[in-house]
Amino acid sequence: MASSTKRDFYEVLGIQRGSSDDDIKKAYRKLALKYHPDKNQGNKDAEEKFKELGEAYEALSDPQKRAAYDQYGHAAFDQRARGAGGSRGGAGGFHDPMDIFREVFRGAGGTGSGGIFGNLFGDDEPNDTSGPTRGEHLRYDLEISLEEAFTGTEKKLTLNKPATCDQCGGAGSEKGSKTISCIQCGGRGRVVVSRGIFSIQQPCPRCEGSGRVIEKPCKGCDGQGRSNKPSTVTLRIPAGVDTGTQLRSSGNGASGQRGGPSGDLYVVIHVRDHEIFEREGNDLICEVPVNFAQAALGAEIEVPTLDGKGRANAKAIIRLPAGAQNGSMFRLKGRGMKDVQGNGHGDLLVRVSVEVPTNLNAVQRQKLEEFARVCGTEVNPRSRSFFERARDFFN
């Protein structure tokens, strides 16, 4: 591509001219993953953009090349503009875009020289998977009641999970068998696959990158060294857990391979809805219906709780004042859920729901009508205030 038709390298990476080295690398990583040929097979436009990104990153990540580019633009790297004495600023040519990609992602969170991308995009070193490997982590979703979440509980979980094969003891081979070189990859552990203009190395699918295969695989586990077996795990659930709480049971995941350690079991808690209580954080809310007379005259009412000296569904007494209104809230300190981090307890909030009488008989209706006649406005101050304000509004 002629220098006159090339896009500005800063524009290619989507950054400003004063961007830091870290910004340049972040921009390249994001776009290189997007346009990598392995993710865009047969897409010529993506291939060109990937090559363009490689050039832009190589020029701007090197201080000397960046300074030359800032001064001369693309001409700093134009072979025709350089004489026998060398290039402007010593910029030099560009490397293969795949080499740049591997270099940027090398060591990004993995082990060995290839990092997390080495196995996919092909370093020269073989990928040895013949040694011990840790078992996978497993997830288990467990439903419990609100009472169990309040007090804490112990559960026995039964699950099928990969466990060490009894027949071969995890070796994956029949007794007396040995490992031989993989015929598909010739013992290299990698095979080469063509991806458009690139040739990409990837782990051999037959030996999984180890370069070795078992001569006589164990019949009990098909050479895997593991087979699914039912297992029982005892789990202690602390008081105060809520839906979404995740508990880890160390070493109770899938068994490792070739003598590797087991993974962990992660148990995700789901607390069932309760018929009486709602939960908001560590607070419990209980709506208690009271009749008209109790609300008007005041009364002592019983409220269910989840504590009460360790007795589930014990009761507490609250004093309802005369004239209590519908929706009034009363707080019982420390009667809510225990904080799972050990920071005390929440509260129990009692919400009063004044129940309007229904299905009145003749005598009840007569008495209520008499009551309404003698009430006057003084016993309903909120109604009187409302209608006075409404009258002023309309006038």
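1. The structure is a predicted model, in which local features need pLDDT of at least 70, side-chain atom pairs count only at pLDDT 80 or more, and totals for chains, interfaces and linings use all residues. Residues are numbered from 1 along each chain as its sequence is written, and side-chain values use heavy atoms, with hydrogens and water left out.

2. Helix α2 (residues 21-35) and helix α3 (residues 44-61) have axes that come within 9 Å and cross at roughly 165°. Helices (H or I, at least four residues) and strands (E, at least two) are DSSP runs, numbered from the N terminus. Axes are lines fitted to C-alpha atoms, for helices over the stretch in contact, and angles run from 0 to 180 degrees between N-to-C directions. The two helices, α2 and α3, are therefore roughly antiparallel to each other (angles over 145 degrees count as such).

3. The contact between these helices (heavy atoms within 4.5 Å) involves Ile-24, Lys-25, Tyr-28, Leu-31, Ala-32 and Tyr-35 on the α2 side. From α3 come Ala-46, Lys-49, Phe-50, Leu-53, Gly-54, Tyr-57 and Leu-60. By class, the contact of α2 with α3 has 10 nonpolar, 1 polar and 2 charged residues. Here Ala, Val, Leu, Ile, Met, Phe, Trp, Tyr, Cys and Pro count as nonpolar, Asp, Glu, Lys and Arg as charged, and the others, Gly among them, as polar.

4. An open sheet with mixed pairing is formed by 3 strands in the order β1-β9-β8; two strands pair if DSSP finds at least two bridges between them. At the edges stand β1 (138-144) and β8 (246-249), each with a single partner strand, so one side of each has no neighbour in the sheet. On average, neighbouring strands of this sheet are turned by 30° against each other, direction ignored.

5. Within that sheet, β8 and strand β9 (residues 265-271) run antiparallel and are joined by 4 bridges. Gln-246 stands opposite Val-268 in β9.

6. Strand β12 (residues 299-304) pairs with β13 in the antiparallel sense over 6 bridges, and Ala-299 has Leu-320 of β13 as its bridge partner. Strand β13 (residues 315-320) has a covered face made of Ala-316, Ile-318 and Leu-320, while Lys-315, Ile-317 and Arg-319 lie on the uncovered one. In a regular strand the side chains alternate between the two faces of the sheet.

7. Asn-359 lies in the loop between β15 (348-355) and α9 (362-375). Although not a glycine, Asn-359 has a positive phi of about 55°. Most residues other than glycine have a negative phi. Asn-359 counts as exposed, at 76% relative accessibility (exposed is over 50% relative accessible area, buried under 20%, partly exposed in between, with a 1.4 Å probe and protein chains only).

Conventions:
Parallel < 35°, antiparallel > 145°, perpendicular 65-115°, else oblique.
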